[in-house]
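Let us walk through this structure together, one part at a time. Please keep the sequence and the 3D view side by side as you read.

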Amino acid sequence: MASPTLTLLLLLTTVSFFISSSADPDMLQDLCVADLPSGIKINGFPCKDAATVTSADFFSQGLAKPGLTNNTFGALVTGANVMTIPGLNTLGVSLSRIDYAPGGLNPPHTHPRATEVVFVLEGTLDVGFLTTANKLISQSLKKGDVFAFPKGLVHFQKNNGDVPASVIAAFNSQLPGTQSLGATLFGSTPPVPDNILAQAFQTSPGTVKHIKSKFQPKK
């Protein structure tokens, strides 16, 4: 019979193996610029031929100017991810700029593949996220403040001020993904059945139809 010390050693070795084997593999080359036009579907993007890589693959000016916020929610997210900076492929980082009109809202949403950290460039914001125990963690932010939203948790940002606001958001993913709760539940294709949403939100199918009409594509 194995001694308690040997048993513990074997257990720790097994746990260590599974932790190490489940982590993302290290890069096998200096860079892997995404070959976006290739059309090949993998977990990420295939690499361009290194001989064709240029500085343009790692460069963007897309976050330099405020985005237009004359939309339904009074906010606009401008991404700097692998889709706009192909050189981010396999690097596990990306940025976004979010601009808010006075009263603007980045509505409740999640990023299934990334933790988010925001840095306030201008203005003030009320922000928060919800834990899986339905506890609201919220904070009022001003210029220069930083706030983190844990991976996968529902969160929001609201400009309750009377001047525009903006942030730079950083993510530990080349393409964090965004699921806005309202658009996901009430604007999906094909649609989620009315009776399911009515029961889930403890309301009537008629109310569900009315809400869905707000999320239909503008004609």
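Asp194 has a relative accessible area of 17% and therefore counts as buried; buried means under 20% relative accessible area, exposed means over 50%, and partly exposed lies in between, with a 1.4 Å probe and protein chains only. Asp194 forms a salt bridge with Lys209, and the closest N and O atoms are 2.8 Å apart. A salt bridge here is a side-chain nitrogen of Lys or Arg within 4 Å of a carboxyl oxygen of Asp or Glu. Asp194 belongs to helix α3 and Lys209 to helix α4, so the pair ties together parts that are 15 residues apart in sequence. Lys209, at 52% relative accessibility, counts as exposed. Salt bridges with shared partners join Asp194, Lys209 and Lys212 into one network.

Before going further, a word on what you are looking at: this is a predicted model, in which local features need pLDDT of at least 70 and side-chain atom pairs count only at pLDDT 80 or more, while totals for chains, interfaces and linings use all residues. Residues are numbered from 1 along each chain as its sequence is written, and side-chain values use heavy atoms, with hydrogens and water left out.

Now for the overall layout. The chain has 4 helices and 10 strands; helices (H or I, at least four residues) and strands (E, at least two) are DSSP runs, numbered from the N terminus. Starting at the N terminus, the order of elements is α-β-β-β-β-β-β-β-β-β-β-α-α-α. The chain has 219 residues, and 28% of them are buried.

How many salt bridges does the structure hold? There are 6. One of them pairs Asp57 with Lys48, with the closest N and O atoms 3.2 Å apart. Asp57 is buried, at a relative accessible area of 9%, and Lys48 is partly exposed, at 24% relative accessibility. Another salt bridge links Asp99 and Arg97, where the closest N and O atoms are 3.0 Å apart. Asp99 and Arg97 are both buried.

Next, take a look at the backbone. Most residues other than glycine have a negative phi, and most peptide bonds are trans. Which peptide bond is cis? The bond from Thr189 to Pro190 is cis, with omega near -5 degrees. You can find Pro190 in the loop between α2 (181-186) and α3 (194-200). Thr90 is not a glycine, yet its phi is positive, near 75 degrees. Thr90 sits in the loop between β1 and β2, and with a relative accessible area of 38% Thr90 is partly exposed. Gln202, also not a glycine, has a positive phi of about 55 degrees. Gln202 is placed in the loop between α3 and α4 (205-214), and at 69% relative accessibility Gln202 is exposed.

Thr178 is in the loop between β9 (165-171) and β10 (179-180), and at 55% relative accessibility Thr178 counts as exposed. Thr178 and Thr110 are 68 residues apart along the chain, and their C-alpha atoms are separated by 5.7 Å.
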